[in-house]
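I opened the file today and kept short notes. They follow the order in which I looked things up.

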Amino acid sequence: MRPITALAACAAVALLPTSAALAQRQPPPSPEQRLDRLERQVQQVQRQVFPRGRPADTAGVSDEPAATQSSVVTLDQRLDALERQVADMLRQSEENGHRLQGLESDLGKLRADQEQRLSTLEQRMNAAVAAVPAATAEPVTMVPVPNGRPSQPVVAVTGPPIGGPTAVPAGDPGEDAYTEGFRLWEAGKYDDAITSLRAFTSAYPKHRRASYANNLIGRALLDKGDARAAAQALLANYRNNPKGERAPDSLYYLGQALMKLGQPGQACKAYGELEAVYGSGIRADLKKQVADAKTQAQCS
């Protein structure tokens, strides 16, 4: 036995290098090969455990019923319902996000609009306040009037009545001062008229002719070609004394100044405010002029 055992050992030793060389030359199995090998092993085990056939639908329990088509359909329906619910939740979340963005955008626009309107009102108020010291700083030019006042009312040749001087009791210096400015305007001396009328409004701010004088200042500026300054003066007369006798006229001539500035849309707003504020109280001649002006501006 020893010679045979030694011979076998020698043969095994002689074969070792050859087997090692073969192992080095043979590549490792791929994943597909390993998967095939595992499947064959599982099938072999199943044939041994289930000699009558492999119960693929029972998952190894022979007395358990196989999965039916209805159960699969039910499971699919439940999965579909869950997917729809998740999709609805996502959609609602996106819609809520869009609504929130819209609300934030609208709120931002509202704030910007309010700030712009407040800024515009502040600018108008500042312009109106600045006009008062400017009036007092103007030099006053006094022109003598025969007999202290005109013998009869003076009426403009064109345009609506603007409140020319009328017979008043003697001893009213305010009326005389306004008459002076009116006569200068009628003579076409617009700068002198503006200076005289501003001196009058500074000296007699509560006089009933103050509304007339401020309106006439705007008209004089418009007549001399300074439409922007005229618009500011006329707007200030309307806003500072809306119950004045010539406040409606100031709105009308404000529209005329805006037309000179190439802003018919703003002129229509001035005419519309005139009709909305004073309505049936507008004089007949002024009402006709407003209607013609609206036609010229193509107001809707």
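Which hand does the crossing of helix 6 and helix 7 have? I looked, and the crossing of helix 6 and helix 7 is left-handed. I note before going on that this is a predicted model.

**Entry: helix 6 and helix 7**

I took the geometry next, since two packed helices are described by the angle and the distance between their axes. Helix 6 covers residues 210-223 and helix 7 covers residues 227-240; their axes come within 7 Å and cross at roughly 165°. An angle over 145 degrees counts as roughly antiparallel, so helix 6 is roughly antiparallel to helix 7.

I then listed the residues that meet. From helix 6 I wrote down Ala-210, Ser-211, Asn-214, Asn-215, Gly-218, Arg-219, Leu-221 and Leu-222, and from helix 7 Ala-227, Ala-229, Ala-230, Ala-233, Leu-234 and Asn-237. Sorted by class, the residues of this contact are eight nonpolar, five polar and one charged.

**Entry: Asp-223**

I stayed in helix 6 to look up Asp-223.

**Entry: helix 8 and helix 9**

The axes of helix 8 and helix 9 come within 7 Å and cross at roughly 170°. Helix 8 is therefore roughly antiparallel to helix 9. The crossing of helix 8 with helix 9 is left-handed.

The class count for the contact of helix 8 with helix 9 is 13 nonpolar, three polar and one charged.

**Entry: the whole protein**

How many helices and strands does the protein have? I counted ten helices and zero strands. Of the 300 residues in the protein, 26% are buried. The protein exposes about 20,800 Å², with carbon and sulfur atoms supplying 56% of that area. Among contacts with a separation of 6 or more, 56% join residues 24 or more positions apart.

Key
Residues numbered from 1 in each chain as written. Predicted model: local features only at pLDDT ≥ 70, side-chain atom pairs only at ≥ 80, totals over all residues. Heavy atoms only, no water. Helix = DSSP H or I, 4+ residues; strand = E, 2+ residues; numbered from the N terminus. Buried < 20%, exposed > 50% of the residue type's maximum accessible area, 1.4 Å probe, protein only. Contact = heavy atoms within 4.5 Å. Areas by Shrake-Rupley, 256 points an atom, 1.4 Å probe, with all protein chains shown as cover. Axes fitted to C-alpha atoms, helices over the stretch in contact; angles between N-to-C directions. Parallel < 35°, antiparallel > 145°, perpendicular 65-115°, else oblique. Left-handed = near helix turned anticlockwise from the far one by under 90°. Nonpolar A, V, L, I, M, F, W, Y, C, P; charged D, E, K, R; others polar.
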